[in-house]
Amino acid sequence: MSVELIIVAALAVGATFFVVVVATGLLINKVAEARRSKKRERLYQFYSGLFADLLLQPVLEGEDGETVRKQYESLLTEVKSGLAWSPPAQKLLHRQAIGSVLIDFSSDLSGESMDRLQYFFESFGFVQDEVALLKSRKWWLRAQAARDLGLLHAMSATERLTSLLEDSHPDVRNQAMQSLVKLLGVDSLRPILRKARNISRWTSLELSMIVKNFEEQAYPYLIEALSYPDQSVVLFAIEMLSETGFVAAVEPLMNVAESYPNIVVRAKATEALGRLGDQRAETLLHRLLKNPYPSLRASATRALERIGSPSSVPILSERMQTGPLAERLSAARALARSGERGMVRLRVAGEETDQTMRAIALHVLEEIEGVGA
Amino acid sequence: MNERILVAEDQPHIRALIQYKLRNSGYQVVAVEDGEAALKNAIESKPDLILLDVMMPLMTGFEVLAALKQNEETRQIPVLLVTAQSSESEVLKGLEMGADDYVTKPFSPNELAARVKTVLMRRKKK
Amino acid sequence: MTEVLEFMFGSYIYFVTAFFIGVNATYTILLIRSYREILAYMRHNTFSNYRVMVQSELTPPVTIIAPAYNEEATVVESTRSLLKLNYGNYDVIVVNDGSKDETLNVLRREFSLFPSNQLYIPTLETERVRGIYKSEKPEYRNLMVVDKENGGKADALNAGINAARYEYVCCIDADSLLEEEALLRVMKPFLEDETVIAAGGIVRIANGCRVVNGRVIDVALSTKLLPIFQVVEYFRAFLSGRMAWHGMNGLMIISGAFGMFKKSALLEAKGYNRHTVGEDMELVTRLHKIKRDRKEPYRIVFVPDPVCWTEAPESARVLARQRNRWHRGLLETILLHGTMLFNRRYGVIGSAAMPYFLFVELLGPLIEFAGYLAVGGMFVAGILDVRMAVLFFVVALFYGIMFSVGAVLLEELSFQRYPRPRDLALLLAFGVIENFGYRQLTILWRVKAFWDYFVRGVRSWGAMQRKGFAEAAAS
């Protein structure tokens, strides 16, 4: 009996201990955190105003970078001497606030203000700190440093970032990749895309937001990437090219759509051809309409809908007659976009006796013409 | 007479920067931090121009814009949108809804001031 | 005679003790695993710039399906807030499940709907669809209303799946309030891993929060008791339960209030089961079964931060009905898929998740209830070792408290959605108080579910009254 009692008592003591420690710890932390975050917010506000002002102070253009840099440095004298006199704990808080203000500014500003920010960051020694973090054993610290260096256009970190392209953690690789593209611009796309392996769709979406800013300068690199070994890179290139309306991309994309060893990639390329809206692709698309793979047929129909050329009317109205309902529907949709003849064909179908055919036609006519078609 | 500009932007650093920049350029500036306050202020004080961030708490820039254009009294006030990164559809949506111009982040402060100036000039000519 | 009784009660007490130790060991493991999963998620997640990505047009389009039954008070407002979400490209389908009130007419008036010629392909079998409506106004062009005869929530969802255009389908409750970035956040796992077929988001309780224009702008606790108890319960269920199961790919529930699915997977599974009240859990369990039967690689994930706010019942009567229904749903799912239990073919589902749901979640309340009865019986028979019983009760209490506090700890380590220290103190306090009364009450409700199912043969939904968020915020 007494043994049981001791066990029970021990269990109760253990649980109580856990509860008391956690509960008091959490409460103390919450209150302290509320105070700290208020202080952080105040500091953030203060430095926001201060640096907004410093970023707008007029600077005389000099012949060489040196004169400009001297003026930048003189803007910082006051802040720096303030920092030098504060006790270490305070100093850390202030530096953190300055760092986050600068990083936030850098993601929203461009032009001369950005140069100035870059200088400030270097001058406060933040770049050094971040570069040191790139070697951290904790992946999330490496990834964060990689991201911040990109945001701050820290050119001096290029080499280190390049070596992170082969990091063991995917998040670190992604951040390094994005930062390098930001730092080195469009020319970095070749080495980066060559090295990239298994980039997820999410990462390629993130990357696309950056690459989009290069506009037509990126096209040659993207076309080249269509022949890279990694499938995820090819998909990324296809996706980017389809958004551009770049005519020189049509031929290489047709090659991919016709003969790439993977069906998903072929379907993507097919759809991209539609987005480009180039009539050269039409014969290929007509051929793909009869491909045994349903996904390729579907992509080809959607592509024809985008291109909307009258010469597709005969084959589309044929596709509209038979097959799975979803495919007939999209053929009808494509028909509606294929000029006046296509619409006429659809209106005729809308009065047919075959119920399904009529329903399909009416559905599409309503989509095009709106209410009461 | 100095033109009065209403700035609605939720992020404090950008709000401060825009405020200072426009003040330096000789305008009177009132800055608010969310969409609701922007709408309220616009209706009460009828500024000469409104600078609206698209992503804001309480009401997005688009919602404020729609409300401004529905109100007889604020319909005439020119609106300049601030959008995050180049997103074509957002820009188009904004212009369709009646915004006069837009600035995309990242932007340069000088460019922003120049755009504000042209929008105001265009209004004066009318 | 006394000896027989003593033996019976005594061995039951030993059984309960063993059960109690097993359950608490399981909870401890789940808590620790959840902690690791949340930490990993938080770290991974800081590197996604949602603010920028939400504006991308390359994100795959989504169809949102919101079933509505007698929701005339709230349907307009909730539809409006769905149409305002921040996401590249999406449709909203509201399914009117043969409401007896004005639900359809309110919608028609408010959104200028007209009867549309849209082709409806009944891939999944449902009750008759009476009509499809679309809006005349261009700003609502992504809205569709499907009007059908009453067939229950699962039936309505199936009709919505039939009408859905896109490859990704998001099923929600009509009164769910989604946060602006919620769709993107719950879509992310699909984009990071092609094998993901379903993802569930976290559900939080909106009672007490300030809601403006369909957005929760200030998170706070309700001033009423029942909703606060439920907040602690939801923390336990979502943060320290589902997060751990997610880590083992053994997630068996995606809450009906907010889940995203690949449409192809839903069609493969032939949609929701129309004959159960636990259609959300049944579906996910079936998805596991199908994929494991076919030996296809797949993942079903839980994402802890795309927040869906929901209005929790404030009256004991409504809450009792809800819990009763949930428990019957759990019971039905386990009866339907009992073959997966301890079946090695189903991996972690058969060997861990199923047994957990059967013994801890489903039978736990019954065993605990019987424990209280046994103690009572022994006391009456005069064979109760009072000292021992009290001690046991104390330990049980402390462990109950420990896991509630542990769940609050997870919240505080990760998302910290309640900014006020006062609310945190309240949550901790309620983690203690709930063991005196509330916990026993929920056990009673769940035991009654067995009674209703097996003895009274109840198989239907209990009605839920909704106040509507506008009103809730104003009151």
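In this predicted model, C:Glu412 forms a salt bridge with A:Lys30 (a side-chain nitrogen of Lys or Arg within 4 Å of a carboxyl oxygen of Asp or Glu), and the closest N and O atoms lie 3.2 Å apart. The count between chain C and chain A is 1 salt bridge. The largest share of the side of chain C that touches chain A, 13 residues, comes from helix 13 of chain C, where helices (H or I, at least four residues) are DSSP runs numbered from the N terminus. By class, that side has 28 nonpolar residues (Ala, Val, Leu, Ile, Met, Phe, Trp, Tyr, Cys and Pro), 11 polar residues (the others, Gly among them) and 10 charged residues (Asp, Glu, Lys and Arg).

What about the extent of this meeting of chains? Contact, meaning heavy atoms within 4.5 Å, takes in 49 residues from chain C and 44 residues from chain A. The buried area, which is the accessible area (1.4 Å probe) that two parts lose on being put together, summed over both, is about 4,400 Å², and carbon and sulfur atoms give 74% of that area. C:Phe47, C:Leu58 and C:Leu119 supply 19% of the area that chain C buries against chain A, more than any other three residues.

Residues are numbered from 1 along each chain as its sequence is written, and chains are lettered from A and ligands numbered from 1 in the order in which they are written. Local features need pLDDT of at least 70, side-chain atom pairs count only at pLDDT 80 or more, and totals for chains, interfaces and linings use all residues, while side-chain values use heavy atoms, leaving out hydrogens and water.

Notes
Helix = DSSP H or I, 4+ residues; strand = E, 2+ residues; numbered from the N terminus.
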